[in-house]
Amino acid sequence: MITKEGYEYIAIVFGTFYLMPQIILAYKVKTLQHYSTLSLLVLIFATVVWVYYLYNNDDLYYAVATGFVTMNAVVLLCMKYTYYVGHLKRKLKELDDNDTV
């Protein structure tokens with residue numbers, strides 16, 4: 001279908017940065033409530049194994065790109081945890097305020 005070299009780089013760019021819009025949106029709305037923790041953990045595991053495979057096959061360019069995806073998934077997981085803890089703290093404060101009234 002595509003006969004010229006270079007199309008793989010387009011796929012790498014889009015594949016590498018596909019989590020960036022989710023990170024930006026989560027930062028703006030301060031929640032990742034509808035994002036699955038399990039899917040993030042599976043993505044992290046899969047990309048770490050894939051990076052290891054690429055590194056062992058001396059394909060460092062692709063390993064770095066895949067490592068960036070891993071880093072994005074870890075950032076999302078950390079954001080999810082941080083926002084969830086913040087949510088719990090607000091709820092506990094509301095309960096505490098209701099008890100003192």
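**Figure 1. Lys80, a buried lysine in helix α4 of a predicted model.** In this predicted model, Lys80 counts as buried because its relative accessibility is 17%, and buried is taken to mean under 20% relative accessible area. Leaving out residues up to four places away in sequence, Lys80 touches Leu32, Gln33, Tyr35 and Thr37.

**Figure 2. The side chain of Lys80 and the backbone of Tyr35.** Tyr35 is one of the residues that Lys80 touches, and here the side chain of Lys80 reaches the backbone oxygen of Tyr35 at a distance of 2.8 Å. For a sense of how sequence and space are related in this view, consider also His34, which is 46 residues away from Lys80 along the chain, while the C-alpha atoms of the two residues are separated by 9.8 Å.

**Figure 3. Thr66, a buried threonine in helix α4.** Helix α4 covers residues 60-100, and Thr66 is found in this helix. With a relative accessible area of 13%, Thr66 is buried, since the cut-off for a buried residue is under 20%. A polar atom of the threonine side chain lies 2.8 Å from the backbone oxygen of Tyr62. When its neighbours within four places in sequence are left aside, Thr66 is in contact with Thr47, Trp50, Val51 and Leu54.

**Figure 4. The protein chain around these sites, with four helices and zero strands.** Read along the sequence, the chain follows the pattern α-α-α-α. The radius of gyration is 19 Å, well over the 13 Å that the globule rule gives for 101 residues, so the protein chain is more spread out than a compact globule. Along its principal axes, the C-alpha trace spans about 70 × 25 × 15 Å. Among the contacts between residues at least 6 apart in sequence, 75% join residues that are at least 24 apart.

**Figure 5. Surface and charges of the protein chain.** Of the 101 residues in the chain, buried residues make up 23%, and Lys80 and Thr66 are among the residues that count as buried. The protein chain exposes about 7900 Å², and carbon and sulfur atoms supply 69% of this area.

How values were computed:
Residues numbered from 1 in each chain as written. Predicted model: local features only at pLDDT ≥ 70, side-chain atom pairs only at ≥ 80, totals over all residues. Heavy atoms only, no water. Helix = DSSP H or I, 4+ residues; strand = E, 2+ residues; numbered from the N terminus. Rg over C-alpha atoms; globule rule 2.2 N^0.38 Å. Buried < 20%, exposed > 50% of the residue type's maximum accessible area, 1.4 Å probe, protein only. Contact = heavy atoms within 4.5 Å. Areas by Shrake-Rupley, 256 points an atom, 1.4 Å probe, with all protein chains shown as cover. Lys, Arg positive; Asp, Glu negative; His and termini not counted. Charge placed at Lys NZ, Arg CZ, Asp CG, Glu CD. Polar contact = N/O pair within 3.5 Å; in protein donor to acceptor, adjacent residues only side chain to side chain.
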